[in-house]
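Please look over the notes below alongside the model. They cover a sheet and a contact between domains.

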Amino acid sequence: MSPLRTLDQSSKLKNVLYEIRGQALAAADELEAEGHTILKLNTGNPAIFGFEAPFQIVRDMIESVPYAHGYSDSRGILPARRAVVSRYEQEPGFPQFDPDDVYLGNGVSELITMTMQALLDEGDEVLIPAPDYPLWTAMTSLADGTPVHYVCDSEDGWQPDLEDIRAKITPRTKAIVVINPNNPTGAVYSREVLQGIVEIAREHSLLLLSDEIYDRILFDDARHVPLATLAPDLLCLTFNGLSKTYRVAGYRSGWMVITGPKQHARGFLEGIQLLASTRLCPNVPAQHAVQAALSGVQSIDALIAPTGRLHEQRDAAWAALEAIPGVSCHKPQGALYAFPRLDPEVHEIHDDSRLVYDFLVAEHVLLVPGTGFNWATPDHLRIVTLPEARVLTEAIERLGNFLASYRQ
Ligand code: PLP
């Protein structure tokens, strides 16, 4: 037998980064295997923090299982796509669309991957927020595109900087990604800023890609404006799913809605259809959860109310972070995260991944470095606000004590 040939990963993966489940998680798993208890604040996975799946969703999924063993239509089962249409009919001003404009996916993640693969040629540019949910950057790179990050302004509640977006447009720019409410910052974008983005997209004929997976997780008086409502004259893909609002991330169930004119984008949309066909279909039992979720009681409302668990946890995390000398945090208005800043004058951090690793080893709490969200400087961390308030407060106090004597 000839010697086994070395297998490296493909060069396509050179710029594909996903630190939320990166090396620090591997280190956390090792510590767990040694018998330590680790508080993992790295993923927005409600189930592991005691959030139960809504009963009617579980019931419908279980009841579907005996009949859901065949492939479905590549776009997804019709009742689920109809339920998505009905959901957006309740959304004032959302452009009309029909079930053929809906694609179900194994989570939003799969639909992001499909979209980028169908859209991009080598060197095509996509405007993506910094900081971002890093899958958008990773999948742009995997599809041979070039991610170009536009800055969101921490001094302005992390709203996108329209001037920066304008300055970064080139003849190769094809699309702009908006993540609202935002992961990792918790910002909810104002109507004016969204109108500004749409204006720029109109001027430069850009495709709008709007990730709205946290649109029902809002605090205080935050209001979510769906991007498509401001852009009925532009092609807009809106992404959403069950993972967060309905706390069933493990079911892997999401959707993508296509609105606006389509004639000019026939090739791209045929590409989406082709890729949807090649994946055959999303997991069918999880598709049955969509109709149950969208038409049932919206139990998320109680969790985000001022006395609700998610609201209390957001408050607790924010207050504990603000109490640490040299740490400041924009109060999250939505989503499930806080993104505090470590003042470089007080905390001299040159490598935020090392900070995360050192904190993990010392205090057994796993965070994600801000640079993992394509934030350029090592002065931020992301904390998941899903654990109970007392657990969050204690973990953040431990971070404060750790930082007090930490030097790099
Ligand atoms: N988009 C954003 C902004 C997210 O935060 C996440 C998960 O954390 C996803 C997409 C992926 O969601 P899904 O579970 O539907 O694949």
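1. Two strands count as paired if DSSP finds at least two bridges between them. Strands (E, at least two residues) and helices (H or I, at least four) are DSSP runs, numbered from the N terminus. The model is predicted: local features need pLDDT of at least 70, side-chain atom pairs count only at pLDDT 80 or more, and totals for chains, interfaces and linings use all residues. Residue numbers start from 1 along each chain as its sequence is written.

2. Strand 11 and strand 15 (residues 381–384) run antiparallel and are joined by two bridges. Within this pair, tyrosine 337 is opposite valine 384 of strand 15.

3. The open sheet has three strands in the order 11-15-14, with antiparallel pairing.

4. The domain assignment (bounds from an automatic or database source) gives domain 1 as 11–51 + 302–404 and domain 2 as 55–295. Taken over C-alpha atoms, the domain centres are 25 Å apart.

5. Domain 1 puts 33 residues into the contact and domain 2 puts in 31; residues are in contact if their C-beta atoms, placed from the backbone, lie within 7 Å. On the domain 1 side, helix 12 (309–322) and strand 11 are the elements giving two or more residues. Helix 12 gives the most, with three residues.

6. By class, that side of domain 1 has 18 nonpolar, 10 polar and five charged residues. Nonpolar means Ala, Val, Leu, Ile, Met, Phe, Trp, Tyr, Cys and Pro; charged means Asp, Glu, Lys and Arg; the others, Gly among them, are polar.

Note on methods. Two residues are in contact if their C-beta atoms, placed from the backbone, lie within 7 Å.
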